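Subject: Structure handover

Hello,

Here is the structure for you to look over. My notes follow below.

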Amino acid sequence: MGLSAAGILLPTIPGLGRSVDPGVLLEAGMDVAVKKRLADAALNAAKAKGATYTDVRIGRYLNQFVVTREDKVQNIANTESYGVGVRVIANGCWGFAALVDAKNEADVARAAEEAVAIAKANSRLIKQPVQLAPQQGYGEVSWKAPIKQNAFEVPIKEKVDLLLGVNAAAMKNGANYVNSVLFMVNEQKYIATSDGTYADQDIHRIWPIFNVTCIDPKSGKFETRNALSAPSGMGYDYLQVNPADKVTGVTTRYNKGYDMLEDVTAAAQQAKQKLSAKSVEAGKYDLVLDPSHLWLTIHESVGHPLELDRVLGYEANFAGTSFATLDKWQSKNFQYGSKLVNFVADKQQVGSLGAVGYDDEGVKTKQWDLVRDGILVNYQAIRDQAAIIGEKASHGCCYADSWSTVQFQRMPNVSLSAGKTPLSVADMIKDVKKGIYIVGDGSFSIDQQRYNFQFGGQLFYEIKDGQIAGMLKDVAYQSNTQEFWNSCAAICDERDYRLGGSFFDGKGQPSQSSAVSHGSATTRFNGVNVINTARKI
Amino acid sequence: MAILTKEEAKKIIDKVLSYAKADETAVSLSGGRTGNIRYARNSVSTSGESNNLALAVTSVFGKRSGTATINEFDDASLEKTVRRAEEIAKLAPENPEYMPMLGPQTYLNTNPYSENTAKIDPEYRAKAAFDSLDPCRKKNLTAAGYLEDTTGFSALGNSKGLVAYNRATSVDFTITVRTADGLGSGYAIRDVTDVSKLNTKEATEIAMQKALASVTAKALEPGKYTVILEPAASVDLLQNMMGSMDGRNADEGRSFLSKKGGGTRLGEKLFDERVTIYSDPTNPDIPTSAFGGGGGGRFGGGADGRPQEKITWVDKGVVKNMYYSRFWAAKKGVPATPPPAAFIMAGGNQSLLDLIKSTEKGILVTRLWYIRAVDPQTLLYTGLTRDGTFYIENGQIKFPVKNFRFNESPVIMLNNLEAMGKPVRIGGNLIPPLKIRDFTFSSLSDAV
């Protein structure tokens with residue numbers, strides 16, 4: 001449906017698997033030869049029962065959280081989940097079965113047989129047989145995220161010290177309260193398909209976050225400021241401070257290396273500053289949106305509406321459908337945005353959350369255009385959808401959040417291409433007469449067909465006659481997707497290009513979570529409706 | 001089948017406790033079966049069923065605690081899990097807010113379990129889906145729906161003698177019906193403990209009517225309107241408000257219940273005097289587990305074993321209670337009331353139709369969607385109407401209207417109360433249809 005409202009209390013997420021000793025996170029997974037043997041047992045068993053297609057996913061999912069507030073460690077969780085999921089087509093219908101802790105051929109063969117039985121039973125309820133786009137087998141291949149330091153190799157004490165140091169810096173700089181969390185993920189995934197692919201993959205993700213609160217006891221008001229970090233497809237190296245990764249300006253933002261201590265120091269000061277900031281006057285403003293903010297607007301208003309399953313109606317009862325209907329795409333002239341607007345889908349982008357070598361049905365990943373020079377040109381499609389939009393192959397964006405869940409079409413990284421002519425943020429601001437510069441993501445909401453949206457942020461600065469005139473609060477902007485992207489008036493060049501994203505994009509029933517990045521450079525939108533969100537209760 | 005009886009569960013828990021060497025040890029054992037069927041575009045897309053049985057051991061040395069889990073139940077595995085929890089505890093940093101485990105507790109008798117639901121099988125699910133799909137197919141309407149049923153149990157035990165056991169069932173059903181031209185959409189939602197009370201055909205017929213009636217929606221100017229919120233529309237806003245009644249946040253000055261100059265608004269009249277909200281785990285319409293605290297909802301899992309009692313949160317508009325962690329309650333010298341598993345908003349006797357009949361001008365809202373907090377201080381939320389929004393004039397539904405975005409706080413909303421109908425079960429709670437004046441719609445949406 002969109003992002004779950006995952007606040008700072010992340011570790012209550014169920015279904016992460018068993019709790020383990022932190023040492024277990026460093027143990028090598030199953031040998032790839034054993035995985036192949038298990039996979040072959042399932043492939044053969046399914047075929048013998050009449051499956052016309054089979055894929056087997058053997059997954060080991062490791063998570064670690066360190067959760068603190070002020071001077072206390074609240075929770076350290078280490079979890080592991082291992083199992084095998086088998087998906088088949090029999091009688092033209094999908095069937096799926098999964099088995100926890102499956103470690104021998106007989107177990108996985110049984111799961112495969114069960115999947116075939118389910119497919120055959122459900123085949124009575126389908127209208128049309130599944131049509132898969134052709135896919136070559138790649139043989140035995142592997143892919144590893146190009147990380148420099150495995151986060152699980154860093155001692156927990158070092159992580160605790162980092163977070164408690166962050167919290168101390170917040171308190172020292174005027175915060176009344178601070179929560180901070182380090183969230184680390186390693187997906188060790190193996191997929192084998194009856195097309196002859198055996199892909200072994202190692203994926204890493206990290207997300208350092210905090211939330212600072214400042215209270216004005218006299219007025220009883222409180223303000224918060226969240227981290228300007230981005231969840232990243234990197235190792236612990238994301239936390240290595242590198243001056244080249246800092247973007248200075250009205251506040252410091254970060255690219256491929258995050259200085260958590262510096263950011264929290266600024267956050268405490270800014271949360272305090274927000275308490276006395278001017279409440280925004282509602283009206284039309286030109287918006288200058290930083291990538292730490294714009295990623296979420298891209299996610300909701302571009303990423304989701306171009307998911308083909310939504311367009312077709314498969315998500316009608318939950319996430320919703322889409323305004324970007326097939327006829328608009330077929331017309332070849334649907335103006336999604338202004339001519340400056342180019343959106344690229346990408347499952348390969350280095351350091352992004354969506355990057356893998358092969359998707360969860362064994363398709364080699366790639367990049368493709370969604371919107372070119374403002375015109376809608378494509379969707380996100382997987383093997384059983386490709387034929388619907390006349391594509392000869394899947395886009396390679398199939399994903400399941402666990403070995404125990406069925407893979408389906410999920411959003412790849414969807415990014416706004418940087419501007420082609422040189423433009424710095426400072427030069428962009430110089431041209432704005434009445435505007436608001438927004439940094440960081442905040443409140444977000446969009447309708448079920450992705451027309452009308454409302455977004456908040458973390459930091460708002462008033463722009464008057466080309467100058468930053470001070471901090472604002474109570475800001476949210478509302479627009480309509482097509483109107484908004486057509487009001488795009490300028491995009492900074494690639495020097496300012498950065499990624500944002502989330503671990504928790506939710507879709508499907510039962511709901512599955514997926515991690516996705518969105519890149520952009522700072523972008524200007526003209527004449528957007530801004531509301532004032534202050535209320536008295 | 002993974003539903004253990006109280007005796008079976010206690011036998012395993014006692015065995016685990018017999019291996020324990022830590023200062024304190026708690027064992028949580030839970031299991032169950034969940035099944036689902038999903039359909040869209042008038043065709044079943046996925047269905048499945050899964051069983052699980054899992055045991056978690058928490059060992060504590062001083063203020064250091066560690067948890068290990070397992071889903072194998074031979075003696076060696078159980079003992080190994082206890083040892084692992086103890087090792088993790090020894091390595092963990094001290095938690096200064098750790099509270100010693102509770103001893104034996106007295107629990108209310110509740111019964112959130114139905115044998116009818118426990119007996120659900122794939123044939124039942126297929127039939128329930130067919131009953132919903134078939135009428136839509138016949139009327140050239142497009143159905144997308146989801147049914148999920150759960151039958152489970154949860155048991156707790158600890159080295160201080162606490163024993164708790166609950167078994168529960170639930171069924172959740174949602175249906176969205178769209179017209180073939182995509183210009184109309186309707187929705188219905190049901191949740192029951194006993195599946196014999198669920199009729200997917202009846203719910204689907206309501207969604208069908210709303211889909212057909214919502215075609216050719218007219219655009220009204222955004223602004224402040226009198227609205228009738230069906231329980232499916234108000235439930236999320238009310239649930240969000242109930243989820244913000246944590247005493248610690250209020251004491252710390254970062255809640256809608258924090259007071260200017262310090263302290264909380266406990267005892268203050270914050271809402272219209274007709275607003276009374278309470279929880280009662282024995283209520284036969286929404287029975288819940290008799291223990292909880294720290295989460296777990298209807299299944300009581302993941303809890304510290306605190307009893308769930310009948311408790312009034314808001315009485316005639318006055319804030320009467322907040323909930324607390326055991327640490328914060330001890331620090332403040334107040335009862336450690338756990339958050340409720342469900343809540344009941346007292347209403348009146350009027351039907352939804354009665355509320356419509358008594359409305360001169362207003363808007364009937366089926367459902368609110370994509371609700372997100374805008375300001376935690378005022379509980380301002382934004383979101384949109386969806387799947388059936390209608391204009392009412394002189395006591396009658398006149399025509400469908402385009403969907404609106406709202407920006408509204410449940411606190412303001414419950415001050416602008418005009419009338420309440422008879423409460424119905426929604427999302428495990430009992431909520432009346434509400435007639436509210438001056439509800440703020442801030443923009444229009446083209447979404448159907």
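**What was found**

Leaving aside neighbours within four places in sequence, A:Val88 is in contact with A:Ala46, A:Ala51, A:Tyr53, A:Thr54, A:Gly95, A:Ala112, A:Ala115, A:Val116 and A:Ala119. Contact here means that two C-beta atoms, placed from the backbone, lie within 7 Å.

A word on the basis. This is a predicted model, where local features need pLDDT of at least 70 and side-chain atom pairs count only at pLDDT 80 or more, while totals for chains, interfaces and linings use all residues. Residues are numbered from 1 along each chain as its sequence is written, and chains are lettered from A and ligands numbered from 1 in the order in which they are written.

Buried means 20 or more other C-beta atoms within 10 Å of a residue's own; exposed means 12 or fewer; partly exposed is in between; the C-beta atoms are placed from the backbone.

A:Ala42 sits in helix 1 of chain A and is buried there. Helices (H or I, at least four residues) and strands (E, at least two) are DSSP runs, numbered from the N terminus.

Helix 1 covers residues 32-48. Its 17 residues reach 24 Å from first C-alpha to last, close to the 24 Å expected at 1.5 Å a residue. The expected span is 1.5 Å times one less than the number of residues. A:Gly50 follows the helix, with a positive phi near 110°.

**Domains of chain A**

Chain A is divided into domain 1 (2-276) and domain 2 (279-532). The bounds come from an automatic or database domain assignment. The C-alpha centres of the two domains lie 22 Å apart. In the contact, 52 residues of domain 1 meet 53 residues of domain 2. Strand 8 of chain A gives the most to the domain 1 side, with six residues. By class, that side has 24 nonpolar, 19 polar and nine charged residues. Ala, Val, Leu, Ile, Met, Phe, Trp, Tyr, Cys and Pro count as nonpolar, Asp, Glu, Lys and Arg as charged, and the others, Gly among them, as polar.

**Chain B**

Chain B has ten helices and 23 strands. Its radius of gyration is 24 Å, close to the 22 Å that the globule rule gives for 448 residues, so chain B is as compact as a globular protein of that length. The radius is taken over C-alpha atoms, and the rule is 2.2 Å times the number of residues to the power 0.38. Buried residues make up 52% of the chain.

Chain B is divided into domain 1 (6-212) and domain 2 (216-448). Their C-alpha centres lie 25 Å apart. Each domain gives 32 residues to the contact.

Helix 4 of chain B (residues 122-138) should span 24 Å, and its end C-alpha atoms are 24 Å apart, which agrees. Its buried residues include B:Arg125, B:Leu133 and B:Cys136. B:Asn140 follows this helix, with a positive phi near 55°.

**Where the chains meet**

The contact takes 68 residues from chain B and 50 residues from chain A. The chain B side has 23 nonpolar, 29 polar and 16 charged residues.

**Backbone points to check by eye**

- The peptide bond from A:Gln509 to A:Pro510 is cis, with omega near -5°. A:Pro510 is in the loop between strand 27 (498-507) and strand 28 (512-520) of chain A.
- A:Asp373 is not a glycine, yet its phi is positive, near 50°. With 13 C-beta neighbours inside 10 Å, A:Asp373 counts as partly exposed.
- B:Tyr370 has a positive phi of about 50° and is not a glycine either. B:Tyr370 lies in strand 15 (residues 368-375) of chain B. With 23 C-beta neighbours inside 10 Å, B:Tyr370 counts as buried.

Best wishes
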